[in-house]
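Subject: Structure for you to look at

Dear colleague,

I am passing on the structure we spoke about, and below it you will find my notes on what turned up. Please read them with the model open beside you.

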Amino acid sequence: MTFDLDRAWRVDPRVSMRPEPFGALLYHFGTRRLSFLKNQTVLAVVRSLADHPSARAACLASGVAEAELPAYARALAALADSNMITERIPA
Amino acid sequence: MAEVPTTGHETETEALTSDELLVEEVSIDGMCGVY
Amino acid sequence: MTVAPDMAVAPDTGGKAPAPGKLTDLFQLGLDAPICLTWELTYACNLSCVHCLSSSGRRDPRELTTAECKSVIDTLERMQVFYVNIGGGEPTVRPDFWELVDYATAHHVGVKFSTNGVRLDAAAAARLAASDYVDVQISLDGATREVNDAVRGPGSFDTAMRAMGNLRDAGFRGFKLSVVMTRQNIPQIEEFKAIAEEYGAQLRLTRLRPSGRGADVWDELHPLPAQQKQLYDWLVGHGEQVLTGDSFFHLSAFGGALPGLNLCGAGRVVCLIDPVGDVYACPFAIHENFLAGNVRETGGFEGVWKTSSLFNDLRKPDTGGACKSCGFYDSCRGGCMAAKFFTGLPLDGPDPECVQGYGEAALASVSASAGLPVPRPSVDHSHRTSPSRPRASVPVTIARRRPPAHDCDESPLAGFEAPSPDGASGGCCR
């Protein structure tokens with residue numbers, strides 16, 4: 001799946017997010033799937049998705065370097081695939 | 001060495017090892033010690 | 001940004017962050033809360049399954065009150081424990097069962113409850129089908145009445161079937177049909193799948209452990225080596241359609257890992273809260289050596305999870321011990337702590353069912369050293385009508401293994417005889 005970094009995203013309201021020393025756990029109460037965010041940066045990105053007009057903006061604001069964007073896009077694609085994050089209409 | 005199971009979200013263009021993925025997914029049933 | 005201390009130094013990747021590493025390595029830092037846990041609500045049970053991991057049957061007079069249970073749920077909510085497997089004994093025999101399930105779901109704790117089906121009438125099924133946050137798991141250990149009831153007692157097959165029919169008729173799809181795999185029921189694996197499909201359930205196959213009453217029937221019930229391979233191959237063929245509760249990670253040494261974390265979660269990502277509030281590392285390890293504390297202590301469950309010295313020990317990195325030199329250690333992680341403990345094996349050595357056969361050899365030397373009793377469960381709530389079981393203080397010498405077919409024979413299948421097709425069991429029954 002090619003993830004669109006330039007669209008607006010948010011965490012699904014049925015997801016419970018739990019920060020941990022290594023990053024975070026996300027649990028979707030509807031699908032009963034569990035996702036592990038394996039560093040603090042990807043947690044920062046996910047947490048801030050709703051506050052930014054695009055996922056790209058959220059990544060850059062969280063300190064993701066341009067060269068790292070593909071890796072973060074893949075991470076966000078995985079989360080979108082399992083319905084942890086969904087597109088939103090930007091305000 | 002066995003790989004940690006992944007959801008197979010690696011793209012065809014870059015074969016990532018599970019070590020490089022920033023997000024991994026497991027079923028909530030995937031923890032040993034819960035019957 | 002906080003960098004995890006165990007993050008590997010990356011090769012030059014043009015400015016990319018270092019690889020986050022293996023998922024399982026991240027747990028070395030410990031978790032602030034379990035991911036999920038088992039909560040046994042009562043030791044009371046209408047059945048007396050021969051292999052019961054919690055030696056259930058009779059209610060304990062000290063069981064947590066309704067108020068105490070709600071306080072535990074409040075703690076689980078605060079800690080953001082995502083999901084609780086409510087079991088027992090038979091949890092539905094508690095008068096406050098539905099009240100507690102409703103309280104849990106209202107407080108953002110997902111519930112799956114594990115039942116023999118005795119109280120799942122049409123009304124209960126309808127109530128469950130109407131809820132999004134409660135999952136149900138029906139226990140069944142034989143695809144036929146004969147095989148099942150030999151382990152779970154007369155009438156138990158019919159009870160389970162009736163409950164499943166009620167769930168199906170109420171429109172509850174995807175409830176779990178959970179089977180403990182034994183020598184007698186592994187040949188029925190396709191029939192279990194058919195039953196699950198017939199009732200719209202998801203099949204779940206789990207490992208038999210020598211825990212609780214399971215220690216008494218382990219020799220007769222545990223799968224034979226060839227059956228383990230057969231089971232592994234079948235699970236690989238069925239991918240994520242069939243659940244396992246990650247209970248077969250010791251079989252990873254056969255080939256690729258099965259879905260799941262593939263590690264012992266005890267005290268690390270899961271634990272057990274028992275009916276009197278005792279917190280154990282896992283439900284298969286109900287023994288004082290694995291008792292971390294009690295929820296009635298000042299710090300409650302959170303204090304136990306975070307400060308118990310037992311749990312802190314379990315969270316230290318696993319160095320492999322006697323298994324270190326084995327090429328398969330990385331995949332099997334030395335197997336199940338509880339299986340080793342209750343067969344008298346050292347915890348830093350092979351699993352009794354090690355697929356390389358190292359467990360068999362280790363067990364042979366345990367039986368050979370006379371006078372060392374195998375650990376017994378410290379907690380026993382079995383019905384008094386159950387056959388009496390050996391007490392810890394009686395030095396009983398039981399031939400736990402067949403002697404090797406030939407002293408020099410290295411094959412773990414030496415002397416192997418195929419199980420009888422009718423699944424006749426010599427296990428004890430009520």
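How many residues does the contact take from chain B and from chain C? Before the answer, please keep in mind that this is a predicted model. Chain B gives 20 residues to the contact, while chain C gives 38 residues. On the side of chain B that touches chain C, the residues divide into 11 nonpolar, 4 polar and 5 charged.

Chain B also has a contact with chain A, and there 10 residues come from chain B and 19 residues from chain A. The side of chain B that touches chain A holds 4 nonpolar, 4 polar and 2 charged residues.

As for chain A itself, the chain contains 3 helices and 5 strands, arranged along the sequence in the pattern β-β-β-β-α-α-α-β. Its radius of gyration is 12 Å, which agrees with the value near 12 Å that a compact globule of 91 residues would have. Taken along the principal axes, the C-alpha atoms of chain A fill a box of roughly 30 × 30 × 25 Å, and 45% of the 91 residues in chain A are buried. Of the contacts in chain A between residues at least 6 apart in sequence, 54% join residues at least 24 apart.

Notes. Residues numbered from 1 in each chain as written. Chains lettered and ligands numbered in written order. Predicted model: local features only at pLDDT ≥ 70, side-chain atom pairs only at ≥ 80, totals over all residues. Contact = placed C-beta atoms within 7 Å. Nonpolar A, V, L, I, M, F, W, Y, C, P; charged D, E, K, R; others polar. Helix = DSSP H or I, 4+ residues; strand = E, 2+ residues; numbered from the N terminus. Rg over C-alpha atoms; globule rule 2.2 N^0.38 Å. Buried ≥ 20, exposed ≤ 12 C-beta atoms within 10 Å, placed from the backbone.
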